[in-house]
Amino acid sequence: MHLNEYQVLAAEYRLVEAHPIERILGFQEEVGEVCGVLKRYHRDSIPYPETRGDLVKEMGDVLWYLSAVAKD
């Protein structure tokens with residue numbers, strides 16, 4: 001799937017019509033959650049396979065918000 005296709009599909013979900021600042025802040029929040037997963041992975045020496053699911057979920061959220069921010 002190309003990013004343009006993803007953006008069209010992502011626009012079908014909530015918050016895309018939200019105020020741009022809400023989308024920007026949501027994006028920043030999700031980036032922070034990715035950082036939190038990475039911090040725990042490093043700090044607690046968690047094997048990557050155990051962290052991958054959380055990381056993929058949070059990165060998906062980052063991509064969704066980035067798509068919503070880029071909509072304007």
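Modeller: Leu3 is found in helix H1; helices are DSSP runs of H or I with at least four residues, strands runs of E with at least two, numbered from the N terminus. This is a predicted model, in which local features need pLDDT of at least 70, side-chain atom pairs count only at pLDDT 80 or more, and totals for chains, interfaces and linings use all residues. Residues are numbered from 1 along each chain as its sequence is written, and side-chain values use heavy atoms, without hydrogens and water.

Colleague: Is Leu3 buried or exposed?

Modeller: Buried means under 20% relative accessible area, exposed over 50%, and partly exposed in between (1.4 Å probe, protein chains only). Because its relative accessible area is 61%, Leu3 is exposed.

Colleague: Which element has the lowest mean pLDDT?

Modeller: pLDDT is the predictor's confidence in each residue, from 0 to 100. The chain has a mean of 87, and 93% of its residues reach 70 or more. Among the elements, H2 has the highest mean, 94, while the lowest, 78, belongs to helix H1.

Colleague: Is Ser45 buried or exposed?

Modeller: Ser45 lies in the loop between helix H2 (20-43) and H3. Although Ser45 is not a glycine, it has a positive phi of about 50°. Its relative accessibility is 61%, so Ser45 counts as exposed.

Colleague: Which residues does Glu58 touch, not counting those up to four places away in sequence?

Modeller: Glu58 is placed in helix H3 (residues 48-70). Glu58 counts as buried because its relative accessibility is 10%. With contact meaning heavy atoms within 4.5 Å, Glu58 touches Glu30, Glu33, Val34 and Val37.
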